[in-house]
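Hello,

Here is the structure I promised to pass on to you. Please have it open while you read, and my notes follow just below.

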Amino acid sequence: ESTLLALTSAYSAFPNHGVRMEPAQVLSVSDRSWVTLEEHTPVARDAIRADTAYVMTSLLRGVVQRGTAASAAALKWPLAGKTGTVNDYTDAWFVGFDPEITLGVWLGHDEKKPIGNGETGTTAALPIWIDIMRGWLEDRDREHPPEFEAPGNIVFMPVDRHTGQPVDDDTPQAITEAFITGTQPSR
């Protein structure tokens, strides 16, 4: 078991090259004239290697491109994330990110009881996440979206989407996956 705050904070390491951002409840406090009275800077902590974070980001992009979060692809923005559903439909969540923000949505009760038959991360949490992200994207430059930048030791290779075996680019069912140099499968 984990909290949404802890999970979202953990996921923040993926788009941040392995640096996890400590969540802050309040970033700043202003008076009625918008004079800043207090400001908090999120604390950054090294969590995982940058290349490992990029491979995870690449895998989680696949969830949006062709997995349980495919409906988020309609936002036409670089996104990655993971849906989650707990046994007996007691909790549903989605934690996702773009290169600049990590956002999590959780639905559930204070005690373990179903939120509704068939209420999954895909059907319950993801639509809320998409609505919030749609609002976030309103102020973004849609012509020049940010990118998930790969470290220099990442190689890309086409693999069969079902077996993970290396294939030629033009092979039906081929997808391109990211690997840390030296860990890619051999042909």
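With a relative accessibility of 13%, Thr-8 counts as buried, because the cut-off for buried is under 20%. Please keep in mind that this is a predicted model. Thr-8 sits in helix H1. Leaving out residues up to four places away in sequence, Thr-8 touches Val-95, Thr-102, Leu-103 and Gly-104.

Ser-12 belongs to the loop between helix H1 (4–11) and strand E1 (19–21). Ser-12 has a relative accessibility of 6%, so this residue counts as buried. Not counting residues up to four places away in sequence, Ser-12 touches Val-19, Arg-20, Met-21 and Thr-102.

**The overall picture**

Stepping back, the protein has three helices and nine strands. Read from the N terminus, the order of the elements is α-β-β-β-β-α-β-β-β-α-β-β. Along the principal axes, the C-alpha atoms fill a box of roughly 65 × 40 × 35 Å. There are 187 residues in the protein, and 35% of them count as buried.

If you take the contacts between residues at least 6 apart in sequence, 54% of them join residues at least 24 apart. The accessible surface comes to about 11300 Å², and carbon and sulfur atoms account for 51% of that. As for charge, the protein carries 15 positive and 26 negative side chains, and the centres of these two sets are 2 Å apart.

**Aromatic rings**

The rings deserve a look of their own. The structure contains five aromatic pairs. One of them joins Tyr-11 and Phe-14 in an edge-to-face arrangement, with 5.5 Å from centre to centre and 70 degrees between the planes. Tyr-11 and Phe-14 are both buried.

Phe-97 and Phe-148 make another pair: their ring centres are 5.8 Å apart and their planes stand at 90 degrees, so this pair is edge-to-face. Which parts of the chain does this pair tie together? Phe-97 lies in strand E6 (residues 91–97), while Phe-148 lies in the loop between helix H3 (121–137) and strand E8 (154–160), so the pair links parts that are 51 residues apart in sequence. Phe-97 has a relative accessibility of 0% and counts as buried. Phe-148 counts as buried too, at 10% relative accessibility. Tyr-11, Phe-14, Phe-97 and Phe-148 come together in one aromatic cluster.

There is also a charge over a ring: Arg-140 lies over the face of Trp-136, at 3.4 Å from the ring centre.

**Leu-107**

One more residue for you to find on the screen is Leu-107, in strand E7 (residues 102–108). Is Leu-107 buried or partly exposed? Its relative accessibility is 24%, so Leu-107 counts as partly exposed. Setting aside neighbours within four places in sequence, Leu-107 is in contact with Thr-90, Asp-91, Ala-92, Ile-115, Ala-124, Ala-125 and Ile-128.

Conventions: Residues numbered from 1 in each chain as written. Predicted model: local features only at pLDDT ≥ 70, side-chain atom pairs only at ≥ 80, totals over all residues. Heavy atoms only, no water. Phe/Tyr/Trp six-rings, centres within 6.5 Å; stacked < 30°, edge-to-face > 60°. Buried < 20%, exposed > 50% of the residue type's maximum accessible area, 1.4 Å probe, protein only. Helix = DSSP H or I, 4+ residues; strand = E, 2+ residues; numbered from the N terminus. Lys NZ or Arg CZ within 6 Å of the ring centre and 35° of its normal. Contact = heavy atoms within 4.5 Å. Areas by Shrake-Rupley, 256 points an atom, 1.4 Å probe, with all protein chains shown as cover. Lys, Arg positive; Asp, Glu negative; His and termini not counted. Charge placed at Lys NZ, Arg CZ, Asp CG, Glu CD.
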